[in-house]
Amino acid sequence: MNTLDSRSFRNALGEFATGVAIVTTQVGDDDPIGITVNSFSSVSLDPPLVLWCLDKGSDRLEAFQTCAGFTINVLAATQQDLSNRLSRSGQPYLEGIPVTEGVNGCPYLSQSLAAFECEVYARHDAGDHIIMVGQVKAFQQPSAETPLIYHRGGYCELAS
Ligand SMILES: Cc1cc2nc3c(=O)[nH]c(=O)nc-3n(C[C@H](O)[C@H](O)[C@H](O)COP(=O)(O)O)c2cc1C
């Protein structure tokens with residue numbers, strides 16, 4: 001049974017500053033989609049594994065439950081609009097966003113700081129989320145700008 005106050009718990013978790021990424025995928029003949037996440041983490045160097053967590057309530061759930069691969073696109077500070085756009089319910093599509101097809105058949109954002117092209121390695125059930133583990137098959141570093149940072153429920157800039 002959950003005995004924690006969920007608002008306070010979320011506030012405490014928000015003290016952990018993170019980057020922001022868009023995870024993209026493509027299933028069959030469907031249009032490619034993306035979702036904004038800050039749960040991205042590196043896991044293993046050998047084999048090269050990364051993870052992120054997907055809310056089971058997400059409207060992107062079916063796509064990410066059936067996809068064979070996904071790509072983690074790390075956002076730059078200049079890409080806040082993109083982060084907002086791909087965090088909206090019912091608006092997962094990538095129209096108008098410059099992308100390139102990667103080795104895993106998923107699009108990666110042409111302007112991201114880094115893109116990790118993954119095959120699905122494992123999906124783990126974890127409460128109200130699914131832990132998506134990917135094996136990195138290729139990676140890109142298309143630009144070298146400053147990263148987009150998320151802290152206490154909002155965007156902020158790195159101190160210079
Ligand atoms: C900065 C930021 C980080 C987010 N991180 C995650 C995440 O790690 N996992 C997740 O499932 N949703 C995350 N979300 C929420 C999803 O982007 C959003 O819920 C989803 O795209 C669509 O909304 P829906 O849940 O109403 O379908 C994040 C949103 C923002 C703005």
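**Close-up 1. Thr18 and its bridge partner in β11.** In this predicted model, Thr18 has Tyr150 of β11 as its bridge partner. Strand β1 runs antiparallel to β11 (residues 149-151), and two bridges join them. Both strands belong to an open, antiparallel sheet of three strands, ordered β1-β11-β12. The edges are β1 (18-19) and β12 (154-156); each has a single partner strand, so one side of each lacks a neighbour in the sheet.

**Close-up 2. Salt bridge between Arg152 and Glu15.** The two side chains meet at 3.0 Å, N to O. Arg152 sits in the loop between β11 and β12, and Glu15 in the loop between α1 (6-13) and β1, so the contact ties together parts 137 residues apart in sequence. Arg152 is exposed, at 61% relative accessible area, whereas Glu15 is partly exposed, at 44%.

**Close-up 3. Salt bridge between Asp125 and Lys56.** The closest N and O atoms of this pair are 2.6 Å apart. Asp125 belongs to strand β9 (residues 114-126) and Lys56 to the loop between β5 (49-55) and α2 (61-66); 69 residues separate these distant parts of the chain. Asp125 is exposed, with a relative accessible area of 61%, while Lys56 is partly exposed, with 30%.

**Close-up 4. Salt bridge between Glu119 and Lys137.** Here the N to O distance is 3.9 Å. Glu119 is in strand β9 and Lys137 in strand β10 (residues 129-140), so the pair ties together parts 18 residues apart in sequence. Glu119 is partly exposed, at 41% relative accessibility, and Lys137 is partly exposed, at 44%. The whole structure holds four salt bridges, among them Glu119 with Lys137.

Methods: Residues numbered from 1 in each chain as written. Predicted model: local features only at pLDDT ≥ 70, side-chain atom pairs only at ≥ 80, totals over all residues. Heavy atoms only, no water. Pairing = 2+ DSSP bridges. Helix = DSSP H or I, 4+ residues; strand = E, 2+ residues; numbered from the N terminus. Buried < 20%, exposed > 50% of the residue type's maximum accessible area, 1.4 Å probe, protein only.
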